[in-house]
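Please open the structure in your viewer and keep the sequence panel beside it.

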Amino acid sequence: MGQTATAKGFRVSNRLADSTSPYLLQHADNPVDWWPWSEEALAEARRRDVPILLSVGYAACHWCHVMAHESFADEAIAARINRDFVAIKVDREERPDIDAVYMAATTALTGQGGWPMTCLLTPSGQPFFAGTYLPPDNFVQLMEAATEAWVERRSELAGASDRIVAALQQALAADSTRSSPVTHTELAGALQRLSDTFDAGNGGFGGAPKFPPSMVLEFLLRHHGRTGSTAALAMVQRTCEAMARGVIYDQLAGGFARYSVDAHWVVPHFEKMLYDNAQLARVYLHWWRATRSPLAERIARETADFLLRELRTDEGGFASALDADTDGVEGLTYAWTPDQLIEVLGVEDGARAAELLRVTGPGTFELGTSTLQLPHDPADAQWWQRIRLQLLEERHRRPQPARDDKVVTAWNGLAIAALAECGALLEEPGYLAAARRCAMVLVDRHWVDGRLRRSSRGGVVGAAAGVAEDYGDLAEGLLALHQATAEPEWLDWAGRLLDVALARFAAPDGGFFDTPDDGEPLFTRPRDPADNASPAGQSALAGALLSHAALSGQTRYRDAADRALAAAGQLLVREPRFAGWSLAVAEAAVAGPVQVAIVGEEATANGGSLTAIARDCLSPGAVVVAGAPDQAGVPLLAGRPLLADQATAYVCRGFVCDRPVNTDAELLAALADAR
C-alpha cells in the first residue's frame, strides 16, 4: 500500500493499488478499505463476523463512475462501509467468473442486470441481496437494513441466502440436460424468429436500447452463404447501413460505440469496446465479401484502422476499451452544436456540415448538442474528406476519454481473427502484421505453465486464470491467422488451447463450463451458453473446434464441436437473438467442411488469383490455406502437388478432394458445387 495526497494530508491507499486492472486502480484512492477478490478477503469477513459488500464493474462504465463519485469517494459513506462490511471490488472483465455467478443472482432476484453490480454476501460468499446502481440515499438505507438484519435476524438472512443458492444451482443443473442436435430445420426456424423481431424501419432487433447484433449478423451472412436467402441478407444490409450511418459509429475517427440508447441509432452510449469493434470489423468485411458494398468495405477498413490507432498497446496487444465519459461527462469529446461547427469550418461549410451530419439547434443529445450522423455519403467526396479532417483535428484538442489498457485474452483473440481476415481479404499486409504481433504477445506472455491467463497490463500478466472464452476466442483468432498466412505454429497453438479446454472445461452433456475443473470454487460453477456482447465460452470453443477439425482432419475435434452445439440446441430454438455465435457455428457445421488448398500461387506463372477466388467463397463451412506444396506442419497442403507446374487449387470435403484445377473458371465452378 502507498500514500495518497488529500486535502488533510496523506492517506494510505487501499489494497487495490498494486492491481493490474485499470478499474480497480480507479478505486485505489477511495476512502473505502477495498479488498480485491481473494480468500484473504473472505477470511477477513469470517474473522470480523461481518457480511461482504461486493461491487462489480469495469473501467469504461458510466454508472460505475457515477456511483464511485457519489458513494465510494464520500468519507461518511466509506466509514460506514468500513465499519460494517468487508468491501470487495471486482473488475468484471478481469474476473468474468465472479461476475457471472453474482449476475445470475442479480437477475434472478431483480429481473434485470447491469453494472455497477452491488451484492451483499455472507462470509462464505453466498448472496442475500443483489442489485445494480444505487443512489447514495438508497445505498445507505441498504447498508443500514443489512447491518440490522445481520445482527438481529441472521438465521432468516442465512435461510434466504441458502434458498437463492439452491435455486441457482438447480437451474444450472436443469439447463445441462437439454441437449438437442442442430439441423437445417432449427436454423430455418431461427431465421424466422429473428425475422419476427427485426426492426425493418431502423435496422437491428427489438426496441431500445439497441446493441450491435454482431453475432446474429454473422449467422445471417452465413445462412445467406449456405442457402442464398435474400431475407437473411436484407436484414444484414438494413442493420449494417443503419449502424454505419447512425451515431453508434464514429463518423470522424471510425469505431463503434457500445450501443444506442434509443431505437433509431441517434443517441449513443459512448464507450468503445474492443470486442464490439473486432466483431463488427469482421461482420462488415463479410458483408463486403457477399455484396461488394463500398460502404461495407469502408467501415471494415476504418474499424480495423481504429483498432490499430486507438487500442493497440506498446507491446502489440489491444486495450479493452475507451471510456464512456470524458472528465466525468458523457459525450464531452464527441458532441457538437451548429455554432461550434461554424467556428471550426466557417459559416458556409459549417452550415453545410450541420445539415449533412444532422447537428441541430435543439440538439439530438444533451444540452443542445448533437452527435454526428451521416445519412448518406456527400456527392463531393473531397469536400467531405477535408471537413472530416478539420473536425477531427479540432476534436483532438478537446479532453479525451480514458483508455482501459488491460489486454484481455479473449477479446484480443477476436481482434486477431478480424485483422487476419481483413488483411487477407482486403490485401492489407499491415493488418496481417498487427494480427501476427498480437498473437505473439498472447502466446508469449499469457501462456503460463501450460495454461492461459485472463489478462495483462503494461506487459505484466495478471493472476486471474483464463476462462473458456479465452481459450475459444484465442484459438479462433489463431486459426484465422493460420489460414491467412499458412504459418503452422498458429494451428499448433490452437490445438494446444483446445486440448486444455477439452481436458479442463468439458461438461457432462458435451458443452463447456466457463471455468476449469481445478479453478477457484464459487457457490456455483458458472456456465452461461448465451452469446451476449461476445461469444459465450461454449460457442467460442465449438467454433474453434470445428475450424481446427476442418484444417487438421482431427475428427475428435469435430465430434466435440457437434456435442457442444447440441448442448446449446434448446437455446438456439428458444432465443436465437442470444445464440448468434452458436447459430453461426452451426451454419458452418451443416455446410462443411469444405477445404480449399492453393499451392504454388506465389511461385508460378499463373499465380495471383486462385487464392483471392477461394477466399471469396461464401460457404460458411469453408476453410482456405494457400502455400507451398507439402508445406511442413500444414495438413491442408500435404500431398498437394502442382498440376502441370502451375498454381493449383484443391477443393475437398472432409479431405476427399475433387480433381485439382488451375484456372479461375474451374475453381469458381468447383466452389459453386461445394456451396
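What follows is a walk through several parts of this model, which is a predicted one.

**First stop: the cores**

Begin by selecting Leu220 and Tyr284, the residues with the most contacts inside the largest nonpolar core, which has 158 residues. Helix α16, residues 409-425, gives the most to this core, with 11 residues. Apart from it lies another core, made up of 26 residues, including Tyr102, Met117, Ala130 and Leu522.

Return now to Tyr284 and show what surrounds it: leaving aside neighbours within four places in sequence, Tyr284 is in contact with Cys240, Met243, Ala244, Phe256, Ala296, Ile299 and Ala300.

**Second stop: a pair of helices**

Next, select helix α9 (residues 214-227) together with helix α10 (residues 230-245), whose axes come within 8 Å and cross at roughly 140°. The crossing in which α9 passes α10 is left-handed. On the α9 side the contact is made by Leu217, Leu220, Leu221, His223 and His224, while α10 brings Ala232, Leu233, Met235, Val236, Thr239, Cys240 and Met243.

Move on to Thr409, which lies in helix α16. Is this residue, Thr409, buried or exposed? With a relative accessible area of 0%, Thr409 is buried, because residues under 20% are counted that way. Show its side chain together with that of His446, and you will find a polar contact of 2.7 Å joining the two. Beyond the neighbours within four places in sequence, the residues in contact with Thr409 are Leu442, His446, Leu452, Arg453, Arg454, Ser455, Asp470 and Leu474.

Select strand β6, residues 117-121, where 5 of the 5 residues are buried, so that the strand is largely enclosed by the rest of the structure. In a regular strand the side chains alternate between the two faces of the sheet. In β6 both faces are covered, with Met117, Cys119 and Leu121 buried on one side and Thr118 and Leu120 buried on the other.

Val90 has its place in strand β5, residues 86-91, and is buried, with a relative accessible area of 2%. Not counting residues up to four places away in sequence, Val90 touches Tyr23, Leu24, Trp37, Leu54, Ser55, Val56, Gly57, Arg95 and Ile98.

Helix α3 (residues 62-72) is the next selection: 8 of its 11 residues are buried, so the helix is largely enclosed by the rest of the structure. Those buried in α3 are His62, Cys64, His65, Val66, Met67, Ala68, Ser71 and Phe72.

**Last stop: an open sheet**

Finally, select β10, β11 and β14, which form an open sheet of 3 strands in that order, with antiparallel pairing. Because β10 (272-273) and β14 (403-404) stand at the edges, each with a single partner strand, one side of each is left without a neighbour in the sheet. Strand β11, residues 321-322, is joined to β14 by 2 bridges, and the bridge partner of Leu322 in β14 is Arg403.

Terms used:
Residues numbered from 1 in each chain as written. Predicted model: local features only at pLDDT ≥ 70, side-chain atom pairs only at ≥ 80, totals over all residues. Heavy atoms only, no water. Core = buried A, V, L, I, M, F, W, Y, C linked by side-chain atoms within 4.5 Å. Buried < 20%, exposed > 50% of the residue type's maximum accessible area, 1.4 Å probe, protein only. Helix = DSSP H or I, 4+ residues; strand = E, 2+ residues; numbered from the N terminus. Contact = heavy atoms within 4.5 Å. Pairing = 2+ DSSP bridges. Polar contact = N/O pair within 3.5 Å; in protein donor to acceptor, adjacent residues only side chain to side chain. Axes fitted to C-alpha atoms, helices over the stretch in contact; angles between N-to-C directions. Left-handed = near helix turned anticlockwise from the far one by under 90°.
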